[in-house]
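Let's take a walk through the contacts, the rings and the nonpolar spots of this one. Have the model open as you read.

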Amino acid sequence: SLPPSPRPPLATRLLVPIVDLANHRGRESIRVFSETIKGPQRATMEWKVRRLHNDESTYYFVLSAARDVPEGEELTISYGNRNSDEFFTYYGFVPERNADESTVLFESFDEFCKWHQEMNIIKQQQQQQQQ
């Protein structure tokens with residue numbers, strides 16, 4: 001169980017013995033034109049932090065099956081919806097397929113405009129060299 005607390009934190013990272021050995025299994029997604037459609041979670045187990053009945057200060061960790069799990073199937077949990085940078089930073093791995101992947105190409109619109117101008121200059125120079 002977790003140490004007594006007046007109320008559970010909104011977001012907490014926990015290292016729970018034995019449970020922390022479970023591998024991550026997240027969402028599958030498909031790409032339709034430019035839209036990503038996220039599928040259901042594929043993890044076989046889910047976890048929650050619960051308050052002990054009639055006790056405002058005691059919380060406990062619950063791990064349960066998310067669906068019927070056939071004998072021999074790996075027990076997995078979802079580490080949450082994160083991009084690959086967060087997976088690598090916090091968990092030390094990057095999922096092969098990540099429905100929540102995101103990439104920042106430009107930090108600002110001004111940075112994009114500068115890049116676009118530079119690309120136009122390069123294109124013009126290439127066209128002049130070909131003439």
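Start with Thr76, which, leaving aside its neighbours within four places in sequence, is in contact with Asn23, Arg25, Arg42, Ala43, Thr44 and Met45 (contact means heavy atoms within 4.5 Å). Thr76 lies in strand S6; strands (E, at least two residues) and helices (H or I, at least four) are DSSP runs numbered from the N terminus. With a relative accessible area of 2%, Thr76 is buried. Here buried means under 20% relative accessible area, exposed over 50%, and partly exposed in between, using a 1.4 Å probe and protein chains only.

A quick word on the ground rules: this is a predicted model, where local features need pLDDT of at least 70 and side-chain atom pairs count only at pLDDT 80 or more, while totals for chains, interfaces and linings use all residues. Residues are numbered from 1 along each chain as its sequence is written, and side-chain values use heavy atoms, with hydrogens and water left out.

Now for the inside. The largest nonpolar core has seven residues: Val16, Val19, Ala22, Met45, Ile77, Tyr79 and Phe87. Such a core is a set of buried Ala, Val, Leu, Ile, Met, Phe, Trp, Tyr and Cys residues joined through side-chain atoms within 4.5 Å. In soluble globular proteins, nonpolar side chains tend to be buried together. Ala22, once neighbours within four places in sequence are set aside, touches Met45, Leu75, Ile77 and Tyr79 by the contact criterion.

On to the rings. The structure holds nine aromatic pairs, counted when ring centres of Phe, Tyr or Trp (its six-membered ring) lie within 6.5 Å; planes under 30 degrees apart are stacked, over 60 edge-to-face, and the rest tilted. Two of them go like this:

| Pair | Centre to centre | Plane angle | Type |
|---|---|---|---|
| Tyr79 and Tyr91 | 4.7 Å | 50° | tilted |
| Phe106 and Phe112 | 5.4 Å | 75° | edge-to-face |

Tyr79 counts as buried at 17% relative accessibility, whereas Tyr91 is partly exposed at 32%. In the other pair, Phe106 is partly exposed at 27%, and Phe112 is partly exposed at 29%. Ring pairs also link Tyr79, Phe87, Tyr91 and Phe93 into a cluster.

Last stop, the surface. Leu63, in strand S5 (residues 59-65), is partly exposed at 35% relative accessibility.
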